[in-house]
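My entries follow the coordinates.

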Amino acid sequence: MNLRGRRGLAHTLNGPQELGHGPVFWVCFAAVTVAALAYPAFGSVFALSNLANFCLYVPMGLGLALLWGYNGVLSFGQSAFFAIAGYVYGVIAGNLIDVPGGSLLAVAGGLGASVLVAAVFGYFVFYGQVSGWIIPLLLLVLSLILETFMGQTAGYQWRVGSVLFGGYNGMTGIPSLQIGEWDFGGASTAFYYLVVVLTLLVYLGLRILVNSRYGHVVTAIKDDVERTRALGYNVNFIQIQVFVLAAALAGLSGVLYVSWGNYINPASMGLLSATLPVIWTAVGGRRSLLAVLLATLTLRWLADTLAVRGGEYAFLIMGVLLLATMLFFPEGIVVSLARRYGGWKAPTGAMNRSGSR
Amino acid sequence: MSLADLVSLVYQYLDNIAFLLLAALGLMIILGVVNVINLAHGELIMLGAYITTIAYHDANLPLPVCMLLSVLGVGLFGMALERFVVRRFYGDRLAALVATWGVSLILSQGALLALGPSMPSVPLPAWTLHYEGYSFGGYRLLLFAIALAAIIATWWVFYRTKFGIRTRATMQNPDMTRALGVDTRNIYLLTFGAGSALAGLTGALYAPTTTIVPLMGTQFVDVAFITVVVGGGANPIIGAIASAALLAGISTPLSSILGTFIGRIGLLIAALVIIRFLPRGISGYWQDLRYQRMARHSS
Amino acid sequence: MTNRPELTRTDGVLLRTENLVKAFGGVTAVDHLNFELPAGELRCLIGPNGAGKSTLFGLLSGLHRPDSGIILFKGEDITRLPPYQRVRRGLCQKFQTTRIYRDLTVAQNLLIAGGARSRGETNERLEWALSTLRLSEELDLRAGRLPHSHQQWLEICLTLATEPDLVLLDEPTAGMTPDETAVTARFLIDLNEHGLTVLVVEHDMAFVRLIAHRVTVLHYGRIFSYGTLEEIEANQEVRRIYLGEQ
């Protein structure tokens, strides 16, 4: 290994910070990718739309995996960033509906809004060097306040331009993403491909990131903050960067969501929604991007199935799942399996060296 | 501003302080002693309200007795929670947070499934006071008095009982305290019970003032969390009083002029700014000042 | 881009403290300390327990803020700088108890350490250190599994990875056998001969004798004595303050 940190792409992709190495893994990965890309040829429109819906949440889950699993920062605010991006996209796209390229501007606006809020929030908590528990608490409060506020925006006076916020019923009629003649609506094949390709890029990109020197520094911060400072790193700044990246990924999921469903409501920034990324990350195993990706897809599918058969039980089951996972599989189910049967050796990082987290 | 306006403002201020104190005290005590944030705190408050409501309507017990039942019931539940869930996470505080969030979901969703979307409310004692065109609810003044009593009682336990001394020792140096033969696990268990009992009390006391729904805990936790963050765990009593007084001082004028939403956002922003400069909260800062003062006097 | 003010405008003095004061509780750990370290020296800092050596290191690396006084490094006032910016200017400390990333491999530890000041060139001094100390054969081992002396050496190499001009070593041979101590001594002398300024806090006088040319003796937070090793050893006053320790 070259100490300078410059290694081949193959080496970085196969680094120790993430699950899954070697030819067998990559062949399976390629096979699944090909299957996913070929699916539109024999899948129904309904099935495609569903699968796209499950996939679009993956960037949000992976962002939390990076933030919590690799950097040790627990966030209950990912759904807030998801919904902020969704609402801002809705406002901009709705007002620019006749403008070519308007929806792209809306994407930039939505992501920008989430990034801005995250940067401001991150400045206060990371430059204040606060204890770990303060961050999830204040993010929960933020989610609550936003949900309550948006919930009472029902009247006609609550609008920006021609777009109504819609109160508890939410914002409807949000135009899907449009690039040129392609309309990325929820039922379209174009949207399915967009989501699958984006998910792939995000996963591979993050995989490279965590195995790079930067990724090692990110986990070093979780393992021993003072040590990392003593090696010359501006830890406060790096932590804001990771936080903002996670917020941007959540925002990406948010923008994809409104393009898919043309709709968003305050519940998507509320407490119950805030729980979902945490559940996916905890159940899969926050220390591995792949584990979180699998858990997100599986749990989204589960929630969808439950919604049909017994929707009222969905969150109760989620609560039981979360508690049971924390009690019996604290490292996550997929990661625990990988350790026991695959001999995966990445550090657990469950406890910070100085015991402060 | 007339005298009556001033009186009204003071009344709102005291009312807000009482709400913050009662919502946050139990959580702060647990944070200070056990160093864990119980995210199911809101649901414990909800449980307290529900126990009072059910005891009042179904068992027809007098209101104070119902409230006592809430305190005992939620206190016991809190101890069970510590014993079977929280205790496993003393090595990883963030995991404790997530686990208690799971409990919170189970409690609120379970209440929804088992008891329905709402319950009939408990009547509010109609003790109205009139002054110069304003009417004030006497019950809410009583709540302020109870909040003060709770703080005094907590202070008394911490500083005037043997249990309190052992608890403070555990807060400062758990290993040393264990080496001196104190059963710190017992202290954590009882503290968790006491903090939960306080949450139950809060739910019981506020039950007559609000609708009884499974998610009612959320209206308490967003201010409770901010109060805890600003107060800090170094000294739960100082932290609770200072934080509640400060935050109520910010939210009272804000919400009376600009509405509840601005009041709550104002609190969140205030919390962010305060922790930027006092990362361990007011009580952490106060503790640092005390140590420096002691140092100067002894040298 | 890193900030590297040149040595020439400081008349050869790499590190200087002026009237440095730090008190903890009722104890003045560092008491109006005026300390000077010329570039290229290998200096040992000794003194009885509680003399203020660790506190001084903490002040130099930025762990503590002084109550008053200033610290000049390469002519620049670094008193108010946070630790990471001192490292970027070339001042790096090795802690007394090893604080390596135990769950990561040696290679991963070095990868992280080399990042903050990396300019993409080979760190020849580091490569030489790794091969001299045989750590280059252990790159894929988990740092926490290394024998204690290797962990200490790894930690020194981590400081070297930050390309320092001055290295503060806090008891580098604690827990080492006499053979390992001798290797460490030889290693530090070679490092110093290649241009690295080294300031070492040590209790083991045998080790001090192996490496030091000049020694500063601290006592009650002040400089008690300073001179060559021979002068210090011959000094009756120094013997007295060390009563019972040697």
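This is a predicted model: local features need pLDDT of at least 70, side-chain atom pairs count only at pLDDT 80 or more; totals for chains, interfaces and linings use all residues.

Residues are numbered from 1 along each chain as its sequence is written, while chains are lettered from A and ligands numbered from 1 in the order in which they are written.

Entry one: β7(C). I looked up strand β7 (residues 166-170) of chain C and found five of its five residues buried (20 or more other C-beta atoms within 10 Å of the residue's own). Strands here are DSSP runs of E, at least two residues, and helices are runs of H or I, at least four, numbered from the N terminus. In a regular strand the side chains alternate between the two faces of the sheet. On one side of β7(C) I listed C:L166, C:L168 and C:D170, and on the other C:V167 and C:L169; all are buried.

Entry two: neighbours of β7(C). Strand β6 (residues 91-94) of chain C pairs with β7(C) in the parallel sense over four bridges (pairing requires at least two DSSP bridges). C:Q93 has C:L168 as its bridge partner, and C:L168 stands opposite C:L199 in β8(C).

Entry three: the open sheet. I read its four strands in the order β2-β1-β4-β5 (chain C), with antiparallel pairing. The edge strands are β2 (27-38) and β5 (76-77) of chain C. Five bridges join β1 (residues 13-24) to β4 (residues 68-73) of chain C, and C:R16 faces C:L72 in β4(C).

Technical notes:
A residue is buried if 20 or more other C-beta atoms lie within 10 Å of its own, exposed if 12 or fewer, and partly exposed in between; C-beta atoms are placed from the backbone.
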